[in-house]
Amino acid sequence: MRCHKDYNAQQYNFCENFRSSGNEIIDNWFADLNETNHFIEFIPYEKFSNITYLAEGGFSKVYKATCANGIINDLNCCERQIFSVFGNKTVVLKSLKHSESISHDFLNELKNYLRCSERWDSNYIHKYYGITRHPETKNYMIVMDFAQNGDLHNYISKYTHTLCWDKKLYILKDIVFGLSEIHSKQIIHRDLHTGNILVNFNYSDPF
């Protein structure tokens with residue numbers, strides 16, 4: 001929700017910036033995907049620092065991290081150009097349990113996530129930047145945008161006494177718009193709950 005666009009960026013041709021993951025299945029998948037109006041890349045794990053554990057679910061562990069200069073932030077499909085954010089960027093690393101041998105099924109599921117977020121200016125769908133791999137566990141990790149205000153469950157708990165009905169209706173409206181974008185791609189979420197709705201906008205502030 002409310003993913004804000006970074007304008008401090010450098011433009012370059014994405015064909016010249018391809019990084020191999022060391023896995024032929026993933027590299028071929030990247031190549032096929034990047035011929036469409038999507039872009040995703042393999043980001044070497046050494047680019048991340050200040051890695052901090054956040055939470056654990058049934059299928060993954062989530063970490064906050066700082067990504068060094070160069071993460072892909074925007075895509076111009078017509079001119080085949082991508083934009084790299086200057087400076088460090090705070091991201092989330094979602095480590096998938098038992099993902100040492102990545103499967104076509106997982107990659108197809110990730111492609112569905114990307115289809116939902118292919119509008120880089122969307123205010124309602126969370127951004128996915130790429131995949132990395134932990135050098136010790138060998139588990140693959142999805143690199144995502146960091147939501148400044150966490151998930152909706154914790155956000156509501158924190159601001160329950162300061163959110164008026166108008167602000168709650170704004171939140172509901174944004175959830176509906178996000179679901180509308182997902183459904184427009186003929187995709188169903190299937191696991192929608194307040195822990196899976198991320199908040200990158202402080203609704204308690206005046207607006």
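This report walks through the fold and the salt bridges of a predicted model.

## Ground rules

Numbering starts at 1 along each chain as its sequence is written. Because the model is predicted, local features need pLDDT of at least 70 and side-chain atom pairs count only at pLDDT 80 or more, while totals for chains, interfaces and linings use all residues, and side-chain values use heavy atoms, leaving out hydrogens and water.

## Overall build

The protein has four helices and nine strands (DSSP runs, H or I of at least four residues for helices and E of at least two for strands, numbered from the N terminus). Along the sequence, they run β-α-β-β-β-β-β-β-α-β-β-α-α.

Of the 207 residues, 43% are buried (under 20% relative accessible area; exposed is over 50% and partly exposed in between, with a 1.4 Å probe and protein chains only). Take the contacts (heavy atoms within 4.5 Å) with a separation of 6 or more: 68% of them link residues 24 or more positions apart.

## Two salt bridges

Searching the whole structure turns up two salt bridges (a side-chain nitrogen of Lys or Arg within 4 Å of a carboxyl oxygen of Asp or Glu). In one, Asp 145 pairs with Lys 89 at 3.7 Å, N to O. Asp 145 sits in strand E9 (residues 140-145) and Lys 89 in strand E7 (residues 89-96), so this pair ties together parts 56 residues apart in sequence. Both Asp 145 and Lys 89 are buried.

Lys 173 and Asp 174 also form a salt bridge, with their closest N and O atoms 3.0 Å apart. Here Lys 173 is partly exposed at 30% relative accessibility, whereas Asp 174 is buried at 1%.
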